[in-house]
Amino acid sequence: MSSKLSFSLSFRSFYPCLECRTCITKPVKQAASVRSFTTTSHKRAIAAPPINFSSQDDLPPPNVRNARVVPASPSYFSGRPDFTDNLLNLQALLRRYQTLPTVAPGQAPRVAWRTVSQYRLLVGEPVRASKYHQVIEVLKRLNRIHPAVMPGDLQEAMQIYKRDINPYAVVKRPSVIDEDGRACGIGRRKSSSAKVFLVQGEGQVLINGKNINQIFGRIHDRESALWALKATSRMDKYNVWALVSGGGTTGQAEALTLGTAKALMVHEPDLKPALRRAGCVTRDPRRVERKKPGKLKARKMPAWVKR
C-alpha cells in the first residue's frame with residue numbers, strides 16, 4: 001500500500017512546462033520514500049538558413065561518397081531488361097501510330113520474324129516463348145500499317161526482329177521437263193527421301209534398279225508408292241524410275257507418293273486438284289516421338305508397383 005501511495009505522490013508532484021508543454025521542470029514536495037531526480041534545461045532548436053535553389057552558389061557542394069550511378073533504363077533491375085525495353089518501345093510506337101490506316105491481315109507484307117531461340121541469342125536473356133509471343137503480336141499489328149504511310153523510325157524498330165533471310169522472298173524454281181522427256185520430283189516422309197523421274201511409257205516401275213515387288217513385300221506399300229498414278233488413272237501412261245534411301249519400307253513408300261505426285265504435276269498441271277483431294281500433294285510432317293528418360297517409350301510409363 002505504501003508503494004502505491006508513493007508512486008501516486010511522485011506522479012502528481014510534477015507538472016509540465018508552460019512554454020513547450022512537454023518537459024518537466026519544477027519538482028514539488030515529494031514523499032520521503034520517493035527518489036528525487038533532476039532534468040536538463042530546455043533548449044530551443046535553431047533552424048537552418050533557407051536554401052535558394054534558383055542560385056547555384058547557394059547550393060551545398062556535392063558529396064562524391066554518397067553519389068550513385070543511375071541506370072539508363074528503368075528496367076535495369078528486372079530479370080530481363082533488354083526484353084522489357086524492347087516490348088515497351090514497341091508498345092509506345094503502337095500507341096503513337098495506331099491511328100494510321102491499315103490493310104487487311106491477308107494483304108499485309110509477309111515477314112519472317114525471328115524465332116524465340118534466335119531472339120534469345122540476340123538479347124542474351126532467357127526469354128520465355130509466351131513472353132516473346134507478346135512481342136510478335138505487337139509486330140504483326142504494326143506490320144499491318146499501310147506501306148505508303150509507314151514511318152521511317154517504325155521500319156528501323158521492326159528491322160531488328162526480322163530474319164536475315166526472308167524465306168517468303170525466295171521464289172521457287174519451277175520444275176520443267178528435260179530434253180529426254182523426264183520430269184523430276186522429290187518426296188520425303190519421316191527419315192526417308194525419294195527422287196522420282198517420270199516419263200511417258202507403258203507403266204514400268206523401277207526402284208533402285210529393282211522391280212517394285214522386290215523392294216516392297218507388302219501390298220499396302222506397293223499401292224501407297226503408286227497411289228498418285230492410281231488416283232488419277234495414269235498407271236499405264238507413265239514409266240517410273242526412282243531412287244529411295246533412308247528409313248523403312250513405309251516411309252520410303254509414302255516418300256515415293258509425294259515425289260510421284262510432284263513429277264506428275266509437271267507433266268499435267270491440271271491434275272493438282274485431283275491429287276490434292278487424294279492426299280498426294282501435302283507433305284506429312286509426322287515423325288516418331290523420341291523416348292523420354294524414366295519412361296519405357298515416348299509416353300509409356302513403367303508399371304506402378306505398390307510394394
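How many aromatic pairs does a search of the whole structure find? The answer is five, where rings of Phe, Tyr and Trp (its six-membered ring) pair if their centres lie within 6.5 Å.

This is a predicted model: local features need pLDDT of at least 70, side-chain atom pairs count only at pLDDT 80 or more, and totals for chains, interfaces and linings use all residues. Residues are numbered from 1 along each chain as its sequence is written, and side-chain values use heavy atoms, with hydrogens and water left out.

1. **A stacked pair.** Tyr119 and Tyr161 are stacked, at 6.2 Å centre to centre and 20° between the planes. Planes under 30 degrees apart count as stacked, over 60 as edge-to-face and the rest as tilted. Tyr119 lies in helix α3 (residues 116-123) and Tyr161 in the loop between α5 (152-159) and β3, so the pair ties together parts 42 residues apart in sequence. Helices (H or I, at least four residues) and strands (E, at least two) are DSSP runs, numbered from the N terminus. Phe83, Tyr119, Tyr132 and Tyr161 form one aromatic cluster.

2. **A tilted pair.** Phe197 and Trp241 sit 5.4 Å centre to centre, with 35° between the planes. Phe197 is in strand β4 and Trp241 in strand β7, so this pair links parts 44 residues apart in sequence. Phe197 is buried, at 15% relative accessible area. Trp241 counts as partly exposed, at 37%.

3. **The sheet.** Five strands form an open sheet in the order β3-β4-β7-β5-β6, with mixed pairing. Two strands pair if DSSP finds at least two bridges between them. β3 (183-189) and β6 (210-211) stand at the edges with a single partner strand each, so one side of each has no neighbour in the sheet. β3 and β4 pair in the antiparallel sense over seven bridges.

4. **Helix α9.** This helix has 19 residues. Of these, 15 are buried, so α9 is largely enclosed by the rest of the structure.

5. **The cores.** The largest nonpolar core has 28 residues. Such a core is a set of buried Ala, Val, Leu, Ile, Met, Phe, Trp, Tyr and Cys residues joined through side-chain atoms within 4.5 Å. Ile207, Ile212, Phe216, Leu256, Leu264 and Leu275 touch the most other members. α9 gives the most to this core, with eight residues. Apart from it lies another core of 22 residues, among them Leu93 and Val111.

Notes:
Buried < 20%, exposed > 50% of the residue type's maximum accessible area, 1.4 Å probe, protein only. Expected span 1.5 Å × (residues − 1).
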